[in-house]
Amino acid sequence: MQLSTQDLDGGVTRVELEGRMDIAGAAAVDLKMNLIAGNAKKLLIDLEKVAFLGSMGLRSIVLPARAVMSRGGKVVLFAPNEMVEGVLKASGIDSLLPIHHDLAAAMAALQ
Amino acid sequence: MPAEDAAKPAPRLILKSQLDDMASLWPWVEALVAEYSIPADTAFAVHLCLEEAVSNVIRHGYRSQPNHTLTIDFAQPEAHHVAFTIEDQAPPFDPLAPSLIEEPPAPTPEDYLRPGGRGILLLRKFAGSLAYERLAGGNRLTIGFVLPG
């Protein structure tokens with residue numbers, strides 16, 4: 001798993017995840033995700049390059065997201081592929097974290 | 001030919017009862033996917049179901065105690081059907097048990113505090129078929145997938 005961050009307009013932090021969010025992938029990004037969540041107020045989690053997502057990977061997304069939201073921040077998920085989105089929806093995570101495929105809409109949701 | 005046979009992925013994967021041993025799961029699945037021309041969406045579902053089922057055996061069946069093993073056997077009983085059979089020597093655990101089959105309510109963040117809290121749900125949603133069998137000293141779960149075409 002690769003992880004990179006980018007500061008966007010409006011105080012939005014974009015976290016781009018790349019690779020397979022299986023048990024090993026989740027373990028590889030957990031610490032960095034928690035550090036990012038400790039500072040971010042508006043978090044855009046970019047899943048476009050995530051090829052796989054399992055329940056441990058879900059946890060690595062939801063726990064940091066929850067940390068941001070518990071401080072009054074906002075989190076959106078961006079551009080998951082069809083199968084990854086299927087996992088997000090099957091597990092009901094989309095009721096906690098909105099999924100956007102259009103960057104402008106994702107940015108608007110964070111304002 | 002012998003050279004080609006040597007390159008074929010093994011039909012059986014043996015894993016230790018520790019989560020970090022699961023790193024060998026995807027390379028094995030990936031090799032099978034290439035060998036049997038399994039489409040990408042099915043490969044995703046296979047990896048997802050195996051990860052959830054195996055991690056469940058390790059965490060709940062073996063209670064994360066090392067020094068146990070489990071096996072996964074691959075089979076292609078028909079041209080458009082592949083199956084993965086997971087066998088362990090853990091106490092009884094039926095992931096298809098009626099008490100687990102009811103659709104859970106909408107998740108709360110706390111659900112995600114439990115490792116793999118949604119694992120069984122994902123297993124059920126993404127498997128083509130699931131069959132559980134209690135063995136004399138363990139469990140057998142067979143996960144089937146229908147290939148398109």
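How many residues does the hairpin between β2(B) and β3(B) run through? Two residues do the joining; some notes on the rest follow.

1. Ground rules. This is a predicted model, where local features need pLDDT of at least 70 and side-chain atom pairs count only at pLDDT 80 or more, while totals for chains, interfaces and linings use all residues. Residues are numbered from 1 along each chain as its sequence is written, chains are lettered from A and ligands numbered from 1 in the order in which they are written, and side-chain values use heavy atoms, with hydrogens and water left out.

2. Chain B overall. You get five helices and five strands here, with helices (H or I, at least four residues) and strands (E, at least two) taken as DSSP runs numbered from the N terminus. Along the sequence the pattern reads α-β-α-α-β-β-α-α-β-β. Of its 149 residues, 43% count as buried, where buried means under 20% relative accessible area, exposed over 50% and partly exposed in between (1.4 Å probe, protein chains only). Take the contacts in chain B (heavy atoms within 4.5 Å) between residues at least 6 apart in sequence: 63% of them join residues at least 24 apart.

3. β2(B) and β3(B) pair in the antiparallel sense over seven bridges, and two strands count as paired if DSSP finds at least two bridges between them. B:F74 sits opposite B:F84 of β3(B). β1(B) is also joined to β2(B), antiparallel, by five bridges; there B:R12 has B:D73 as its bridge partner.

4. Helix α2 of chain B (residues 25-35). Its buried residues are B:L25, B:W26, B:W28, B:V29, B:L32 and B:V33. What do they pack against? The partners are β2 (12-21) of chain A plus β1 (12-16), α3 (40-61), β2 (69-78) and β3 (81-88) of chain B. After α2(B) comes B:S37, with a positive phi near 50 degrees.

5. The chain A sheet. It is an open sheet of five strands, ordered β1-β2-β3-β4-β5, with mixed pairing. β1 (2-8) and β5 (99-100) are the edge strands, each pairing on one side only. β3 (residues 42-53) and β4 (residues 74-78) of chain A run parallel, joined by five bridges, and A:L43 stands opposite A:V75 in β4(A). From the other chain, α3(B) packs on the sheet, touching β2 and β3 of chain A, and its direction makes about 100 degrees with that of β3(A).

6. Helix pair in chain A. α1 (residues 23-39) and α2 (residues 55-70) pack at about 5 degrees with axes 8 Å apart. Axes are lines fitted to C-alpha atoms, for helices over the stretch in contact, and angles run from 0 to 180 degrees between N-to-C directions. The two helices are therefore roughly parallel (angles under 35 degrees). Residues making the contact include A:I23, A:A26 and A:M33 of α1(A) and A:M56, A:I61 and A:V68 of α2(A).

7. One residue to look at: A:E18. This residue is in strand β2 of chain A and, at 37% relative accessibility, counts as partly exposed. Leaving out residues up to four places away in sequence, A:E18 touches A:M1, A:Q2 and A:K49. The C-alpha atoms of A:E18 and A:D46 are 8.8 Å apart, with the two residues 28 apart along the chain.

Notes
Parallel < 35°, antiparallel > 145°, perpendicular 65-115°, else oblique.
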